Amino acid sequence: NSLGYKPWSTWPTSDPRTGWAAVVFSSYVKSNEVWSCPSVASSELGAAQQVEQSFGTGSSRYWMWRFDRPDDPVPLDNFWGKTPDQAVSDLAAANNPQAGKPEGVADVEMVVDPYFPKTIPTVPAELKGLTAHFGGRNRLFADGHAKRLRDSRTDR
C-alpha cells in the first residue's frame, strides 16, 4: 500500500505502526524526526522489525492505534474516517477489554512508545519485557494530553 500500511505480510490486519501517518501528514510536519522517539531509536528496540517502519525519507518508531483496518464496514473499535465523538462512542460500544469504557477523548490512547509485555506468549523471546523507557511507556491521548504509564509487565 502506498501509505505504508502493513508492510510485511506476516503482520496482523491491524498494524499499529505509524508509517502511514507520516505519509498522510507529510505536508503538515516540518521534520520526519517527530515520528521517531530518540529513546526508542537508541535502544535495542530501535531496529526491531516490530518497531521500525521505514517510509520515504524517514522511519517511524511509535505505535498508533485504531486507524489501520481495511475492513468494510469499519469495526466499532477502529477510528478510520470517524469523528472523535463517533470514535469514542463506537469504542465504548465495542466492549474491547484493552480499551475499557472511554467516556471521552481524554480516555482514548492514540500513540504509544513501543513496548513488549513479558506476559504475552506471542512476543518474541528477545523482546519480552522490553520498553524504551524504564518501567513504563509514554502515551498520547485523543485530546492531545500525554501521560506516562507504569507497566509491571515490562522489565525496564
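The questions and answers below concern a predicted model.

Reader: Which residues of the largest nonpolar core touch the most other members?
Author: In this predicted model, the largest nonpolar core holds 29 residues. Helix 1, strand 3 (63-64), helix 3 (84-94) and strand 4 (109-112) each supply at least two residues of this core. The members that touch the most others are Leu-45, Val-51, Phe-79, Val-108, Met-110, Phe-116 and Leu-127.

Reader: Which residues does Val-108 touch, not counting residues up to four places away in sequence?
Author: Val-108 belongs to the group of core residues that touch the most other members, and Phe-79 is also in that group. With residues up to four places away in sequence not counted, the residues that Val-108 touches are Phe-79, Val-88, Leu-91, Pro-102, Leu-140, Phe-141 and Ala-142.

Reader: Which residues are linked into a cluster by ring pairs?
Author: A search of the whole structure gives two aromatic pairs. Trp-63 and Tyr-115 make a tilted pair, at 5.8 Å centre to centre with 50° between the planes, while Trp-63 and Phe-116 make an edge-to-face pair, at 5.4 Å centre to centre with 85° between the planes. Trp-63 lies in strand 3 and Phe-116 in the loop between strand 4 and strand 5, so this pair ties together parts that are 53 residues apart in sequence. The cluster linked by ring pairs consists of Trp-63, Tyr-115 and Phe-116.

Reader: Is Asp-90, which meets Lys-82 in a salt bridge, buried or exposed?
Author: The side chains of Asp-90 and Lys-82 meet in a salt bridge at 2.8 Å, N to O, and Lys-82 is partly exposed, with a relative accessible area of 21%. Buried means under 20% relative accessible area. Asp-90 has 11% relative accessibility and therefore counts as buried.

Reader: What is the relative accessible area of Ser-60?
Author: Ser-60 has its place in strand 2 (residues 58-60). Leaving aside neighbours within four places in sequence, Ser-60 is in contact with Thr-18, Gly-19, Trp-35, Val-51, Glu-52, Gln-53 and Phe-55. Ser-60 is buried, and its relative accessible area is 0%.

Reader: What is the area of the nonpolar surface patch made by Val-24, Phe-25 and Tyr-28?
Author: Val-24 has its place in helix 1 (residues 19-24). A residue must have over 30% relative accessible area to be part of a patch, and Val-24, at 36% relative accessibility, counts as partly exposed. Together with Phe-25 and Tyr-28, Val-24 makes a nonpolar surface patch of about 320 Å².

Note on methods
Residues are numbered from 1 along each chain as its sequence is written. This is a predicted model: local features need pLDDT of at least 70, side-chain atom pairs count only at pLDDT 80 or more; totals for chains, interfaces and linings use all residues. Side-chain values use heavy atoms; hydrogens and water are left out. Patches are made of residues with over 30% relative accessible area and no salt bridge: like charges are joined within 9 Å, nonpolar side chains (Val, Leu, Ile, Met, Phe, Trp, Tyr) within 5 Å. Accessible areas come from the Shrake-Rupley method with a 1.4 Å probe; for residues, only the protein chains shown count as cover. A salt bridge is a side-chain nitrogen of Lys or Arg within 4 Å of a carboxyl oxygen of Asp or Glu. Helices (H or I, at least four residues) and strands (E, at least two) are DSSP runs, numbered from the N terminus. Buried means under 20% relative accessible area, exposed over 50%, partly exposed in between (1.4 Å probe, protein chains only). A nonpolar core is a set of buried Ala, Val, Leu, Ile, Met, Phe, Trp, Tyr and Cys residues joined through side-chain atoms within 4.5 Å. Contact means heavy atoms within 4.5 Å. Rings of Phe, Tyr and Trp (its six-membered ring) pair if their centres lie within 6.5 Å; planes under 30 degrees apart count as stacked, over 60 as edge-to-face and the rest as tilted.
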